[in-house]
Amino acid sequence: MKILIVDDSTAMRKIIIRTLRQAGFSGHEVVEAADGAEGLEKARSESPDLVLSDWNMPNMSGIEFLKAVRADGNQVVFGMITTEGRPEQRAEASVNGAQFLLAKPFTADDLERVIGDHMD
């Protein structure tokens, strides 16, 4: 499985990678992007099986990134990992094709559960 992690914080990308390993996803290829625009390029060129994206990023937000991925016809499993967890944001993410929204902070168990629920 190829996992694309999109977050403007290098530290947060590293935390997500470490948490993926703790959740049992250590043998998978990980591709990183620093914002939604770079994420969209990587989604097109790398053909990931799973995208984990922040919501608030410069250049292109996570929700704009999600909309662009879906506009390309790409049905990759897409999850938002963000501090944004209000019901209206969860609804916006869902309506635009996100399979899940995981609020920060999160645990390895949380990550394992949401990925497992959507990657079977």
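This is a short tour of one predicted model, stop by stop.

**Before you start.** Residues are numbered from 1 along each chain as its sequence is written, and side-chain values use heavy atoms, with hydrogens and water left out. Because the model is predicted, local features need pLDDT of at least 70, side-chain atom pairs count only at pLDDT 80 or more, and totals for chains, interfaces and linings use all residues. Helices (H or I, at least four residues) and strands (E, at least two) are DSSP runs, numbered from the N terminus.

**Stop 1: the sheet.** Select the strands. You will see an open sheet of five, in the order β2-β1-β3-β4-β5, with parallel pairing. Two strands pair if DSSP finds at least two bridges between them. Strands of a sheet pair through backbone hydrogen bonds. Which strands sit at the edges? They are β2 (29-33) and β5 (100-103), and each pairs on one side only.

**Stop 2: β1 and β2.** Select residues 2-6, strand β1. Five bridges link β1 to β2 in the parallel sense. Click I3: its bridge partner in β2 is V30.

**Stop 3: β4.** Move to residues 77-82. Six of the six residues here are buried, so β4 is largely enclosed by the rest of the structure. Buried means under 20% relative accessible area, exposed over 50%, partly exposed in between (1.4 Å probe, protein chains only). In a regular strand the side chains alternate between the two faces of the sheet. Colour V77, G79 and I81 for one side of β4, then F78, M80 and T82 for the other. Both faces are covered. S53 has M80 as its bridge partner in β4.

**Stop 4: α2 against α3.** Show residues 36-46 and 62-71. The helix axes (lines fitted to C-alpha atoms over the stretch in contact) come within 9 Å and cross at roughly 25 degrees. Angles run from 0 to 180 degrees between N-to-C directions. That makes α2 roughly parallel to α3 (under 35 degrees; over 145 is roughly antiparallel, 65 to 115 roughly perpendicular, the rest oblique). Which residues make the contact? G36, G39, L40 and A43 of α2 meet F65, A68 and V69 of α3. Contact means heavy atoms within 4.5 Å.

**Stop 5: Q89.** Find Q89 in helix α4 (residues 87-95). Is Q89 buried or exposed? Q89 is buried, with a relative accessible area of 8%. Leaving aside neighbours within four places in sequence, Q89 is in contact with W55, E84 and L101.

**Last stop: α5.** Select residues 108-119. Helix α5 lies across β3, β4 and β5, and runs at about 180 degrees to β5.
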